[in-house]
Amino acid sequence: GSSARLACARTAAQLRERIAAQLGATSMAEGGSSQYLRIGDTIVLLSGNGDGLLASEGFVDQRLCVHSLDAEEDRLAPFDIRNCLFQVHTKLQYVAHKRLRKALKTKFGKKEDFTDAERVQLLISELSDEDTFKREAQELLANTSHERQANEAHFRRMLGKTVTYGESIQLKHAKSGRFVTIKMKVVADLQKDCFAVRLEDNGDEQSAFKVNPRFKLRSEGEKVRVGDQICLQGSKRGQFLHSSSFDYPISSSKKEVNAGDHLSSWKIMPYTLYDALGDSPGLIRGGDIVRLFHKEEEAHLNAEATEENDGESAENAITSPSETQVVPHLKQFGEGKQETGSNSIWRIELESLLDGSTLRTREIVKLKHLSSGKYLNITYPEPEEGESIAADLAEINLTRTRALDSTSFELINVGHEDDSVTTSSV
């Protein structure tokens, strides 16, 4: 296959230090920004006052928050763009799911949580075969599976459809695969006159939001434009997705998101078109996770995760597989080559964190080490007057500071004329 190399990009102007300054540089994949919001697009939602993005960790913590754009500097809550990505979905059907939950509540009581699919299956399987409810519950459970398949088929048919004001949509957290959902029976953690908002595995009737224009410049039935300020109103009960002023205790970088009568606006920021990869799944986008393999050295780019001060020389040079600790589940491939552990995993980021477009050669990228949360950084000693930079004296280290020229790299294809970057190139 083709190969590529990374060249340190030394630009005259210093890169912006804040994500806020990068918002204007955001672009959609494959040819610039799209004029209208479409089903299947992956977006980020900027709070109305512009101070942060709608976000959730998604797995351990399903709460929603507005993550401050200054969170790059917060080590308790480091900024991760994956937490802020949401895919636009059509409104799904939950008739069968609702019937199953109602039957389970009648049988087991209302204190159980019937939104967890694994928990529901366990409850049903533990019923006695002599219990007549078991067969009824199994049929209801099968119906929910059919309904889920029908929802998925409907979503695929609607891919690319333009969203209009007054239409109901659902927001699927791209990282966890869960849906943003209003919890009508749960009070918000911090703002007690509002309801909690969580990510739910399959969503429910409270996962649908009507898209309303923030200003009267737009009207119901009109196409929603990328960059518009919108209000998201729960389709079932009418509560608004609300960005509160209450900070979560662990970090001032995160403000609670809840649902209530308080009006909040959100600005739609594009990340990736629904068909950005098209029929070429091997293409790499901004935000993708990769390992970088050096063909001549038969080695991966590896870095030991440390908590020392920025700019320290870590063991982050290219190390051969034999020098890297190999755990039993890692498989061998090729001529004695083998994958390494988590210390060789990197995220490719474009200059704007909010850009998930397809990578091209000659494009400037940054490499974030996933284990440590730091960026690959290459610095050179200042050359004497009239002398060129001594590349062999370069110092390779990791830094938390993203906005440095020395953390920027240019993608250069070697022996490959196409300008696309694929998994076989990097």
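In this predicted model, Glu 167 has a relative accessible area of 17% and is therefore classed as buried, the limit for that class being under 20%. The side chain of Glu 167 meets that of Lys 161 in a salt bridge, with 3.2 Å between N and O, and Lys 161, at a relative accessible area of 33%, is partly exposed. Side chains of opposite charge can pair in this way when their charged atoms come close.

The structure holds 19 salt bridges, and another of them joins Asp 131 to Lys 107 at 2.9 Å, N to O. Because Asp 131 lies in the loop between α2 and α3 while Lys 107 belongs to helix α1, this pair ties together parts that are 24 residues apart in sequence. Asp 131 also caps the N-terminal end of α3, where one of its side-chain oxygens lies 2.9 Å from the backbone nitrogen of Phe 133.

Helix α3 itself runs from residue 132 to 158 and reaches 40 Å from its first C-alpha to its last, which is close to the 39 Å expected. Its buried residues include Phe 133, Ala 137, Leu 140 and Thr 144, and among the elements that cover the buried residues are β5, α1 and α2. After the helix comes Gly 160, whose phi is positive, near 90°.

As for nonpolar residues, the largest core contains 29 residues, of which Val 180, Leu 232, Leu 241 and Trp 266 touch the most other members. Strand β7 gives the most to this core, with 3 residues, whereas a second, separate core of 17 residues includes Trp 346 and Leu 367.

Conventions: Residues numbered from 1 in each chain as written. Predicted model: local features only at pLDDT ≥ 70, side-chain atom pairs only at ≥ 80, totals over all residues. Heavy atoms only, no water. Helix = DSSP H or I, 4+ residues; strand = E, 2+ residues; numbered from the N terminus. Expected span 1.5 Å × (residues − 1). Buried < 20%, exposed > 50% of the residue type's maximum accessible area, 1.4 Å probe, protein only. Contact = heavy atoms within 4.5 Å. Polar contact = N/O pair within 3.5 Å; in protein donor to acceptor, adjacent residues only side chain to side chain. Core = buried A, V, L, I, M, F, W, Y, C linked by side-chain atoms within 4.5 Å. Salt bridge = Lys/Arg side-chain N within 4 Å of Asp/Glu carboxyl O.
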